[in-house]
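Please keep the sequence and the model open beside this note while you read. The points below take the packing of helices, then the sheets, and lastly the ligand.

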Amino acid sequence: MAGQEEHVKNEESVLPAPRGAGADAEGDPLLVVAGLTKHFPVKGGFPIRRTVGQVQAVDGIDLSVRAGESFGLVGESGCGKSTTGRLITRLLEPTAGTITYRGQDISHASRRQLAPIRSEIQMIFQDPYSSLNPRQTVGRIISGPMEVNGIEPEGGREKRVRELLEIVGLNPEHYNRFPHEFSGGQRQRIGVARALALEPKLIVADEPVSALDVSIQAQVVNLLQQVRQELGIAFLFIAHDLAVVRHFSQRVAVMYLGKIIEVGDRDSIYTRPRHPYTHALLSAVPEVNVGDGETAARERIRLAGDVPSPIAPPSGCRFRTRCWKAQDRCAAEEPPLVRISGNHAGHLTACHFPEEPTIEAREEDIVLDPALAALEEGGSAG
Ligand SMILES: Nc1ncnc2c1ncn2[C@@H]1O[C@H](COP(=O)(O)OP(=O)(O)OP(=O)(O)O)[C@@H](O)[C@H]1O
């Protein structure tokens with residue numbers, strides 16, 4: 001087993017360009033995150049409240065997103081995905097590490113320093129019900145960001161809003177309607193139109209479809225895909241579901257308790273996962289067809305116990321308390337995120353005792369969930 005853990009390279013703290021991805025993914029690095037950390041203080045004591053601990057929500061992560069690329073960030077609830085998204089959009093102040101956007105260090109930039117790039121980084125939220133002001137018309141909601149930023153498009157804001165409604169598959173005549181007059185999928189389309197209003201270069205989409213019906217999810221993901229391809233917008237797509245990210249992201253990073261434990265090309269992650277945790281997550285999603293009508297169903301792995309507290313994470317490898325392969329070394333030594341023997345370039349894994357790269361499936365061999373397979377054919381407005 002020890003032979004498997006040969007670390008062939010440890011110099012890829014900033015991840016390389018996607019391999020074999022579409023031409024629009026070959027752009028310059030738009031966003032580079034290095035050693036990003038967010039610890040939330042835990043207060044306790046009476047009568048004087050003091051800091052008694054730290055929630056290690058995000059603990060030293062590295063990632064990069066190239067212009068036009070879609071990067072998926074996946075993991076169970078509480079692993080730090082949303083915090084990462086909020087740090088990148090600077091809704092939160094990092095405890096440590098750097099966020100570089102188009103070559104500019106924005107980790108601790110003030111509001112004034114951020115102003116010129118505020119419009120370039122937009123966010124789409126999980127809940128299309130609570131993220132839209134119920135008292136504003138769709139027209140106001142979508143033109144709001146233009147107003148705040150003093151942007152007057154050619155032909156006026158109303159014309160631009162109508163164009164945006166059309167782009168996201170809504171009827172431009174519905175300009176004066178209110179959010180409650182739309183379905184869940186349509187509301188998320190309004191959220192997408194609002195995010196597009198300022199012509200962003202990067203959209204952080206935090207679980208944009210988790211609150212929607214599976215059939216509607218496919219349509220909204222399809223819309224985001226279209227937007228990405230046609231407008232060349234890069235995405236950081238946050239999801240707890242590997243199945244959803246698979247359709248959208250060219251590269252995928254898997255998070256566990258504040259750390260990235262595996263990252264790589266989508267195909268490499270889905271067909272040759274090396275980290276036991278990625279195996280466990282994948283065992284819950286589509287089967288792999290190995291040809292000749294044979295199906296290599298991944299054995300469903302049920303993880304023992306709960307995710308440990310991020311206030312006192314396990315020593316060494318944070319996944320070890322739930323890992324069937326854990327040995328003494330896992331408690332003593334934190335495994336670095338590196339390219340291990342047998343991995344493609346750019347596929348990095350943080351594990352002392354990785355799984356064998358057994359599943360050799362081609363992209364077209366993966367059997368899709370029928371509802372999500374609708375994506376391949378395109379969907380209508382939800
Ligand atoms: N403002 C905060 N104060 C204290 N702890 C926080 C705060 N925000 C998040 N946390 C904690 O940080 C950890 C990571 O939370 P985060 O929301 O980033 O995870 P997540 O992977 O996005 O999960 P979910 O999908 O449930 O939102 C959790 O333990 C959470 O309770």
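1. In this predicted model, helix 3, which covers residues 138-148, and helix 5, which covers residues 184-196, cross in a right-handed sense. Their axes come within 7 Å and the crossing is at roughly 30°; since angles under 35 degrees count as roughly parallel, helix 3 is therefore described as roughly parallel to helix 5.

2. Which residues make the contact of these two helices? On the side of helix 3 they are V138, I141, I142 and P145, and on the side of helix 5 they are I190, A193 and R194. Sorted by class, this contact of helix 3 with helix 5 has 6 nonpolar residues, no polar ones and 1 charged residue.

3. Helix 5 also meets helix 6, which is made of residues 214-231, and the crossing of helix 5 and helix 6 is right-handed. Here the axes come within 10 Å and cross at roughly 15°, so that helix 5 and helix 6 are again called roughly parallel to each other.

4. In the contact between helix 5 and helix 6, the residues G184, G185, Q188, R189, V192 and L196 of helix 5 meet I216, Q219, V220, L223, L224 and V227 of helix 6. By class, this contact of helix 5 with helix 6 has 7 nonpolar, 4 polar and 1 charged residues.

5. Turning to the sheets, one of them is an open sheet of 7 strands, whose order is 7-8-9-4-10-11-15 and whose pairing is mixed. Its edge strands are strand 7, at residues 121-124, and strand 15, at residues 348-349, each of which pairs on one side only. Helix 5 packs on this sheet, where it touches strand 7 and strand 8 (202-206), and the direction of helix 5 makes about 175° with that of strand 7.

6. Within this sheet, how many bridges join strand 10 to strand 11? There are 6 bridges between strand 10 (residues 251-256) and strand 11 (residues 259-265), and the two strands run antiparallel. As an example to look for in the model, V254 has E262 in strand 11 as its bridge partner.

7. Another open sheet is formed by 4 strands in the order 3-2-5-6, with antiparallel pairing. The edges are strand 3 and strand 6 (104-105), and each of these pairs on one side only. Strand 5 (residues 96-101) is joined to strand 6 by 2 bridges, the two strands running antiparallel, and the bridge partner of Y101 in strand 6 is Q104.

8. Helix 1 lies across strand 2 (29-44), strand 3 and strand 5, and runs at about 115° to strand 2.

9. Which residues come nearest to the ligand? Of the 13 residues around the ligand, those that come nearest are F40, A57, S77, S82 and T83.

Key
Residues numbered from 1 in each chain as written. Predicted model: local features only at pLDDT ≥ 70, side-chain atom pairs only at ≥ 80, totals over all residues. Pairing = 2+ DSSP bridges. Contact = placed C-beta atoms within 7 Å. Axes fitted to C-alpha atoms, helices over the stretch in contact; angles between N-to-C directions. Near = placed C-beta within 6 Å. Parallel < 35°, antiparallel > 145°, perpendicular 65-115°, else oblique. Left-handed = near helix turned anticlockwise from the far one by under 90°. Nonpolar A, V, L, I, M, F, W, Y, C, P; charged D, E, K, R; others polar.
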